[in-house]
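Trainee: Please take a close look at the aromatic rings here. How are they arranged?
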Amino acid sequence: MQTKLKRSETATNCDMVLATDLDGTFLGGTATTRKTLYDWLRAQAPRTRLIFVTGRDPDFISDLCASGEIPAPEYVIGDVGTTIARFTDGRVQPLVELEAPIADLWRGHGETVRERLHGISGLKLQTAPFRYRLSYEYGAGFDPDSLGVLQGLNVDILISHGCFVDILPKGISKGPSLLRLIAHLGLPADRVLVAGDTLNDLSMFQTGLHGAVVGGAEADLLAATRTLSRARHCAQPGAGGIIEAISAFALHPNPPKVTL
């Protein structure tokens, strides 16, 4: 089901926006730092707003939030940027007007990509329900040069985490989709903190928004963000890195504090 964005939901009255990756980032760190961050986000809502920006699919996000252990987001950038949605009533509800350009770019490419990549050594298609992208895992025997069979298609290829290959519509990824969402909502860009730990998060840091490259991040992401002035290389992993960056950038008048 897709939904349209109500203009009453575009209020800019907020102290901060956290736009965060999940695995290794929002879901990473120690039990203490996770609890501190999650409790703080609940206490600061609705003036502090939460957006998940992840490679995970909508069903995973719905299942993750069902237990109530983590704070639910208001919005979701999912499927490595190819899903843009509200999170309401425990479900990811795609926003048709924001996803329309993505759907147009992907139209006709899915089956072609499947056919061209079928049988490539070491490459295995993931089983998640894909909408406007395809994702693979790779292992022994995989040669990145074999992806040359996709030459000529209007797609981007993203290799990350030493085991994943994402095939995305040209120009679509986490960062551009996040910018589209925050502009549509009228959120203040200078109060947004992005957070991530792998190379598929790079486009978020390339937006120029304040960024937390959390401790333990992928070496390729550290190298790629080294010269980005707003991408802080945090000492603490996961949630601890997010807490560290909120204070370092002075993004909130009452930042979370970890009690050891």
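Mentor: Start with Phe26. Phe26 is buried, with a relative accessible area of 0%. Buried means under 20% relative accessible area, exposed means over 50%, and partly exposed lies in between (1.4 Å probe, protein chains only). Keep in mind that this is a predicted model: local features need pLDDT of at least 70, side-chain atom pairs count only at pLDDT 80 or more, and totals for chains, interfaces and linings use all residues. Residues are numbered from 1 along each chain as its sequence is written, and side-chain values use heavy atoms, with hydrogens and water left out.

Now the pairs. A search of the whole structure finds 3 aromatic pairs. Rings of Phe, Tyr and Trp (its six-membered ring) pair if their centres lie within 6.5 Å; planes under 30 degrees apart count as stacked, over 60 as edge-to-face, and the rest as tilted. Phe26 and Tyr38 make a tilted pair, at 4.7 Å centre to centre and 40 degrees between the planes. Phe26 lies in helix α1 (residues 22–26) and Tyr38 in helix α2 (residues 31–44), so the pair ties together parts 12 residues apart in sequence. Helices here are DSSP runs (H or I, at least four residues), numbered from the N terminus. Tyr38 is buried too, with a relative accessible area of 7%. Phe26 and Tyr38 form one aromatic cluster with Phe52.

Next, Tyr138 and Phe142. Their ring centres are 4.8 Å apart and their planes are at 35 degrees, so this pair is tilted. Tyr138 is partly exposed, at 22% relative accessible area. Phe142 is buried, at 12%.

Definitions and conventions. Helices (H or I, at least four residues) and strands (E, at least two) are DSSP runs, numbered from the N terminus.
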